[in-house]
Amino acid sequence: MLLTLLFGKLTWDDIPFHSAIIMGAGLFMALVILAVLFFITYYKKWSYIWYEWLCSVDHKKIGIMYLILSGIMLLRGFSDAILMRSQQLVAAGQNHGYLPPEHYDQIFTAHGVIMIFFVAMPMMFALLNMAVPLQIGARDVAYPYLNSVSFWLTFSGAMLCNASLVIGEFGRVGWLAYPPLSELYYSPDVGVDYYVWSLQIAGVGTLLAGINFIATIIKMRCKGMTLMKMPVFVWSALCAAILVALAFPVLTVTLGLLELDRLFNMHFFSEFAGGNVMLYVNLIWAWGHPEVYILILPAFGVFSEIVAVFSQKTLFGYTTMVWAIAIITFLSFVVWLHHFFTMGAGAGVNAFFGITTMIIAIPTGVKVFNWLFTMYKGRIILATPMLWVAAFFTTFVIGGMTGVMLAIPPVDFQFHNSVFLVAHFHNVIIGGVIFGYFAGIIYWFPKAFGFSLDEKWGKWSFSYWVIGFYLAFMPLYIIGMNGFMRRVNHYANVDFQPYLVVAAIGAGFVFLGIITQIIQLIVSIKNRKQLHDRTGDPWHGRTLEWSVSSPAPLYNFAVLPVVEKLDQFWFDKERHLAEGRVHPKDIHYDPIHMPKNTSAGFIIGIFAGVLGFALVWHMWIPGIVSFLVVLAAFIGRTFSTDVDYYVDSETIKKTELAHYKEIV
């Protein structure tokens with residue numbers, strides 16, 4: 001009885017010793033973790049990592065940790081893509097490939113979940129943390145401690161998803177886990193439970209982060225920065241955060257109902273017991289389609305920053321840009337049904353959602369034309385961030401055009417669940433979201449780390465990614481129109497194989513792009529003294545974040561800025577060139593109130609992950625203990641009085657003087 005309460009359903013048989021692929025991947029993960037722990041111990045960095053990183057509430061360090069998490073999970077999610085492409089490369093005719101069908105199903109489910117929830121979302125919050133407080137002239141986010149909790153909940157959700165690789169198995173139900181396949185009768189294993197609890201934990205972290213950034217942008221803008229003086233990236237972050245606050249509770253409720261079905265036989269989605277499968281489909285897409293715009297809106301903001309800077313012009317049509325973002329935010333909630341035109345909603349409903357889907361393309365088109373007009377007659381600098389923007393124009397527009405095609409219900413009846421849809425989705429997510437975030441990471445990298453990324457390796461990486469993208473997904477449009485369906489691990493018609501060979505070669509090129517990105521990072525770290533960031537470089541933009549040193553000090557701004565117009569930093573820089581910069585010794589600095597680092601966020605996040613693992617396996621004693629630890633950490637932090645401190649004026653003056661000597 002005690003063993004059951006401790007270990008629940010977990011037994012040695014749940015570890016797949018019989019699978020060389022799974023155990024090899026698990027062993028590789030374990031060796032990497034052990035290597036990291038060894039180096040931390042060898043260089044005696046445990047104290048530094050604990051106090052300066054794991055317990056940090058500094059938005060800049062939390063942004064870097066989000067970025068590291070998304071990079072690691074990109075490697076994990078891309079390994080699934082390589083497995084799928086290589087399986088489809090060989091699994092034609094009489095050859096059934098090397099992946100068993102049940103393992104292949106786990107891989108394509110995990111790939112979708114990881115890439116959306118644990119690559120794109122952390123990458124988005126990395127950029128928001130790195131840039132938004134600096135752009136609005138704030139010293140931190142509104143709730144620094146909550147920011148830490150948000151990250152560690154996301155981290156725990158990702159680790160719980162990874163644990164399914166070697167303990168039990170992940171879901172075999174697709175990345176949105178439609179019933180009845182995800183109900184207990186058809187999925188009696190723990191795969192769907194891993195899916196539910198990893199997304200629930202990460203989803204709560206995302207929701208808290210969204211609320212945090214809404215409060216930050218609304219309440220913490222510096223003096224003079226009205227809403228219509230905010231940088232476009234801040235507008236895009238605000239609208240994305242509003243969508244997070246409105247959409248993620250829908251996901252939480254949907255997955256909660258599914259888990260109640262599985263745990264307590266409540267049958268919300270069981271047709272045979274009075275439930276309704278279409279209830280789940282409507283709910284999951286009422287979250288799912290705003291989620292697409294949660295991801296793409298910050299990328300649009302990144303493009304607006306980069307196009308203006310690297311065209312050396314003011315952004316064309318600021319007001320129309322803002323209204324286009326706002327309209328997209330609203331319309332994103334009235335298009336979800338186009339994901340299931342084929343499910344019998346009726347001609348009238350299909351027509352309405354088809355029209356709204358076409359309408360949402362209009363403000364997106366407005367933004368594309370505004371970026372093109374910004375570039376018109378500009379002195380364009382083809383640095384790597386601008387190259388990613390140029391690649392976006394073609395890839396995203398192709399994705400948009402095919403999206404409008406799929407918005408026509410009769411067309412969707414032909415292409416639904418084919419790889420045509422897969423190609424469209426990746427056109428938008430990779431060509432829009434990932435390319436945009438790569439551009440933003442390179443652009444703001446010196447602001448986070450103090451040195452730029454190597455341009456030569458950056459351009460090699462860009463070339464491999466773009467070539468690989470087109471080779472990987474353009475053939476899918478062709479075979480999708482000819483009836484090749486998604487989610488298949490074997491196909492009898494060998495005429496499809498040449499196209500899938502090209503797609504596999506494309507995945508190989510993308511892999512080279514990722515490898516060269518890693519080389520770029522290593523080379524940049526090695527040469528960081530030569531790549532040291534200096535304010536005044538043509539890369540440096542028009543907004544407030546470039547007015548402080550790189551990397552920014554803990555307190556961001558020694559004196560909070562005052563904004564008089566758009567592109568305030570550009571105006572101040574020209575004024576300083578004309579009048580001379582004020583010397584720090586002539587400025588009066590007041591002590592700055594800052595939040596203290598705390599271990600509460602780390603403890604809450606990690607034990608929430610333990611709680612999720614316990615709920616997956618029905619381990620009631622570990623589950624109750626971990627829940628009590630989470631609760632105690634919350635309560636302990638709530639009643640703590642030692643949560644802040646002051647940076648004294650002498651320390652501020654020394655820091656600002658060092659920055660002054662650097663840039664002058």
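## Backbone features in the loops

Lys44 lies in the loop between α2 (20-42) and α3 (46-54); helices here are DSSP runs (H or I, at least four residues), numbered from the N terminus. Lys44 is a residue other than glycine with a positive phi, near 55°. Just after α11, Lys377 likewise takes a positive phi, of about 65°. Most residues other than glycine have a negative phi, and most peptide bonds are trans.

This is a predicted model, in which local features need pLDDT of at least 70 and side-chain atom pairs count only at pLDDT 80 or more, while totals for chains, interfaces and linings use all residues. Residues are numbered from 1 along each chain as its sequence is written, and side-chain values use heavy atoms, with hydrogens and water left out.

Two cis peptide bonds may be described. One joins Pro179 and Pro180, with omega about 5°, and Pro180 is in the loop between α6 and α7. Another runs from Ser550 to Pro551, with omega near -5°; Pro551 is in the loop between α16 (497-526) and α17 (568-579).

## Packing of α6 and α7

Helix α6 (residues 144-163) packs against helix α7 (residues 191-219) at an angle of about 160°, the axes being 8 Å apart. Axes are lines fitted to C-alpha atoms, for helices over the stretch in contact, and angles run from 0 to 180 degrees between N-to-C directions. The two helices are therefore roughly antiparallel, a term for angles over 145 degrees.

Residues in contact (heavy atoms within 4.5 Å) include Leu146, Leu153 and Leu160 in α6, and Trp197, Ile201 and Leu208 in α7. The residues of this contact divide into 13 nonpolar, nine polar and no charged. Here Ala, Val, Leu, Ile, Met, Phe, Trp, Tyr, Cys and Pro count as nonpolar, Asp, Glu, Lys and Arg as charged, and the others, Gly among them, as polar.

## Packing of α8 and α9

The axes of helix α8 (residues 232-264) and helix α9 (residues 277-311) come within 8 Å and cross at roughly 160°. These helices are therefore also roughly antiparallel to each other. Their contact comprises 24 nonpolar, four polar and two charged residues.

## The length of α11

Helix α11 (residues 347-375) has 29 residues, which at 1.5 Å a residue should span 42 Å; its end C-alpha atoms are 43 Å apart, in agreement. The expected span is 1.5 Å times one less than the number of residues.

Key: Angles under 35 degrees count as roughly parallel, over 145 as roughly antiparallel, 65 to 115 as roughly perpendicular and the rest as oblique.
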